[in-house]
Amino acid sequence: MTIFIFALKRILRDKTNVLFLTLFPIAAIFLPLAQEGWPLLPLGYQYFGVLLLFVSIRLTGIMIEDRQKGVVKRLAAAPISHFNYLWQNLLAFSVIMVIQTVIVIIGGHVYGHELYGPWNLAILYIVFTFTSISISLAWNSLYRSKESSFLIFMAVIVLMALLGGILFPMEMMPEAFQRIAVIFPTYWLSEGIEWIVLGEDRGDFLFINGVLLLYALFFLIIGSIRRIS
Amino acid sequence: MTIASIKGIVKRYKDQIALDYVDLDIHEGEILGLLGPNGAGKTTLIQCLMGIIPFDKGVIQLFGEEGAVFHHENKKKMGLVTQEITVFEELTAKENLEFFAGVYGLKGEEKKQRVKEALEFVGLSSKAKQSPNKFSGGMKRRLNIACALTHRPKLLIMDEPTVGIDPQSRNHILDAVRKLKEQGTTILYTTHYMEEVQSIATRVVIVDQGQVISEGTVDELIKNIQHEEKIFIDVNDVSTIPIERLRGLEGVKQVQVSGSVVQIISNAGAGNLDRALSIVKETSGVVGIQAEKPNLEDVFLTLTGKQLRDGEDDPS
């Protein structure tokens, strides 16, 4: 578990990372309640998915760095498989983000927010954590520089959040946009949030999480193709 | 004993041929200097040998085992010092070594001890708890080398380990390489710096355009291209020098006088320095002597038609 342990160390040694990982969840807990019936959850919980995407691109950036600096090449000469390198890094990112999710859910509960089904919300966020890590992994595989990947992904996050119905109610979008929204993982996150507040059929919730996991698998495959160069 | 044997390796990148039926043996305990101009195929050869990239044709035998470059057990016996400095700036020097030691399967007390030894070996013990971002270029290079040493590799491959560092750090690294050889490590050393190869390599292989074009000891390589020897003797009184006696020496092709300097040109390997000197000393005082001998740079230039240090930045 050397790569896992040192991935955690490397992430937590970066002061900006620590700032993002601590301040943002706290801010999410203390953001005010929504006005006029939308969003259904407190603002911090509606936008938490955006935060997860943001954190995941930041964390997975260390893998671009490894590629840029030749660490991946050096590890290819070592008795460790690329698969091992990949899953231990992904595990480190997941552990950090799951802890963050747990803090946000427990924090919200203690603060007194109405979270409807906190367990279901935790499950949804954790599943979306895997999706966002995979998307970031695939995204980073397209870039040689951590900085350009991060900057362009910021715009992509905003676009996905807008079109997926995280920032505005889907009904406010033109019909064509509403139809294409299903291709964005953020759409399924907002559907999940809606189900937690209003849904009844457990099968719908399973379906939503299943779609998010399929996205995770798809992007994981894309992201793991690029190795050394 | 041959530790690695490369036979007829071919590696293509689309239409471009990077390695063209390369044959190469690395013998146990030697420092093999791998020289070649940019794009010659040195790095590709190293990457094939380390199992980093696959090759199209040929066989690589490692530690007596055929086709074993991708076996983890063999990778444990090999170390790679990359041309790039592949250390983590977020971690301390000690943690960097612990990371690579862990990757090579070391644990517990053994890992601790090896990390300590590696830090001592490269002279960074006092900086163990510092981050490499506070290090000079030379110190980073030394740490980069130490990362490949914790698991005590039998075969150490060093890809341009002294690029861009000060002479003091370079000397430190070259001393370390000699020490490793004394300890029994076999080393494959690539560099642009001819004087490094000349000072540490027991054998040299020159590659160009994906082919091995020459190999042997430094002296053998020089001998192969050397057609004549030149001796310059600066004397007190040139008029007294017995030019005809000098011309009569075996192998001497020409004797010229220019100012106070007598220039003697002989066939390669004639070994006329001592004889010429004693003749000159009989009639005149000697102010200075210079024997012009080709060096590895001349060998390289003769064989490849290229200067070795052109475009040092190119990694291949």
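This report describes aromatic pairs, charges over rings and a nonpolar surface patch in a predicted model.

## Aromatic pairs around W188(A)

Over all chains, the structure holds 17 aromatic pairs. One of them joins Y187(A) and W188(A): the ring centres are 5.2 Å apart and the planes stand at 90°, so this pair is edge-to-face. Both Y187(A) and W188(A) are buried. For W188(A), the relative accessible area is 12%, and the residue counts as buried because that term covers values under 20%.

W188(A) also pairs with F207(A), again edge-to-face, with 5.7 Å from centre to centre and 75° between the planes. W188(A) belongs to helix α10 (residues 185–198) of chain A, while F207(A) belongs to helix α11 (residues 202–225) of chain A; the pair therefore ties together parts that are 19 residues apart in sequence.

## Ring cluster and charges over rings

A cluster linked by ring pairs contains F6(A) from chain A together with F88(B), F99(B) and F100(B) from chain B. The face of F100(B) also has R74(A) lying over it, at 5.0 Å from the ring centre.

Within chain B, K77(B) lies over the face of F63(B), at 4.8 Å from the ring centre.

## Nonpolar surface patch

M1(A), I5(A), F83(A), W87(A) and L91(A) make a nonpolar surface patch of about 490 Å². The most is given to this patch by helix α6 (residues 82–111) of chain A, which provides three residues.

W87(A) is found in helix α6 of chain A. With a relative accessible area of 33%, W87(A) is partly exposed, whereas W188(A) is buried.

Key: Residues are numbered from 1 along each chain as its sequence is written. Chains are lettered from A and ligands numbered from 1 in the order in which they are written. This is a predicted model: local features need pLDDT of at least 70, side-chain atom pairs count only at pLDDT 80 or more; totals for chains, interfaces and linings use all residues. Side-chain values use heavy atoms; hydrogens and water are left out. Rings of Phe, Tyr and Trp (its six-membered ring) pair if their centres lie within 6.5 Å; planes under 30 degrees apart count as stacked, over 60 as edge-to-face and the rest as tilted. Buried means under 20% relative accessible area, exposed over 50%, partly exposed in between (1.4 Å probe, protein chains only). Helices (H or I, at least four residues) and strands (E, at least two) are DSSP runs, numbered from the N terminus. A charge sits over a ring if NZ of Lys or CZ of Arg is within 6 Å of the ring centre and within 35 degrees of the ring normal. Patches are made of residues with over 30% relative accessible area and no salt bridge: like charges are joined within 9 Å, nonpolar side chains (Val, Leu, Ile, Met, Phe, Trp, Tyr) within 5 Å. Accessible areas come from the Shrake-Rupley method with a 1.4 Å probe; for residues, only the protein chains shown count as cover. A salt bridge is a side-chain nitrogen of Lys or Arg within 4 Å of a carboxyl oxygen of Asp or Glu.
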